[in-house]
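Look through it once, then read on.

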Amino acid sequence: MGWERGRYYTRSRKVNGRVVREYVGAGLGGILAAQLDAEEREQRAVDREAARVAEEEMTALDQPLVELNALADRLIRAALLIAGYQQHKRGEWRKKRVREQQPAGTDKQGRPLGTGSSGGER
Amino acid sequence: MPALRKAMDGNAALVESIGNFAAQVEITLLNNATGKALAFKEAVTRKMRRMRADLAGDSASPLERLLADRITLCWLSVHDAELRFNQSKDLTWKQVEFWQRRIDAAHRRYLSAIRTLATVRKLALPALQVNIARKQVNVVSGSGE
């Protein structure tokens with residue numbers, strides 16, 4: 001959009017992806033069209049700014065809830081870990097297997113070491 | 001783990017403080033969603049109270065109450081986002097995209113909150129273990145049946 005060589009007003013628009021410049025007019029007609037276009041541009045800028053502010057407000061409004069969710073998630077996670085659960089591949093929570101402690105001086109079957117025939121079974 | 005255990009020793013206080021935070025979030029969301037429409041505000045407040053009571057039940061632990069609070073707040077957030085989107089006029093594609101993203105995010109948070117409460121309930125249920133021959137059968141006692 002603009003004054004071509006300062007003599008006549010043109011508008012540019014896209015047609016099938018190509019920019020096409022169309023002649024609007026010279027003299028008073030051109031001046032009026034230029035003023036209307038300027039007002040429209042200004043209005044669009046105002047609308048864009050209002051939408052941007054509204055979007056920022058909405059995002060800010062969601063923020064406390066996002067924080068609350070994160071806090072609650074951490075709390076629940078901690079509670080489950082303490083209760084002996086572990087998350088399986090970021091999905092299901094499963095009870096952690098606790099391996100029974102082998103008393104000192106005994107083999108896996110609980111027999112005293114050196115008395116049985118450990119390792120002899122085939 | 002010991003550090004975690006120590007931190008969680010004050011579990012009730014921690015839940016309480018997060019609960020207070022949840023109350024603040026509720027006031028903010030409610031004021032923003034209802035504006036100056038007092039009747040609407042009162043109706044939404046009552047609905048949320050009932051929803052919270054239904055979700056938590058009578059013998060809820062502090063954690064379950066917190067999660068019920070969270071679900072209620074997420075529900076309000078989803079409905080607020082949908083209502084605002086439906087009331088908006090002459091939106092550009094960019095704005096429609098923004099609102100859709102916002103609704104999707106709110107919906108994801110809502111579902112996640114429900115899933116967490118279900119997980120906590122499921123894992124806290126007392127399970128009766130019965131061994132029949134070599135097969136192990138877990139019978140979970142249902143509550144309120």
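Helices (H or I, at least four residues) and strands (E, at least two) are DSSP runs, numbered from the N terminus. Chain A has 1 helix and 5 strands. Their order from the N terminus is β-β-β-α-β-β.

This is a predicted model: local features need pLDDT of at least 70, side-chain atom pairs count only at pLDDT 80 or more, and totals for chains, interfaces and linings use all residues. Residues are numbered from 1 along each chain as its sequence is written, while chains are lettered from A and ligands numbered from 1 in the order in which they are written.

Now the two chains together. Two residues are in contact if their C-beta atoms, placed from the backbone, lie within 7 Å. By that rule, 20 residues of chain A touch 28 residues of chain B. Helix α1 (residues 27-82) of chain A gives the most to this side of chain A, with 18 residues.

Next, a helix pair in chain B. Helix α3 (residues 38-56) and helix α4 (residues 62-87) of chain B pack at an angle of about 140°, with their axes 9 Å apart. Axes are lines fitted to C-alpha atoms, for helices over the stretch in contact, and angles run from 0 to 180 degrees between N-to-C directions.
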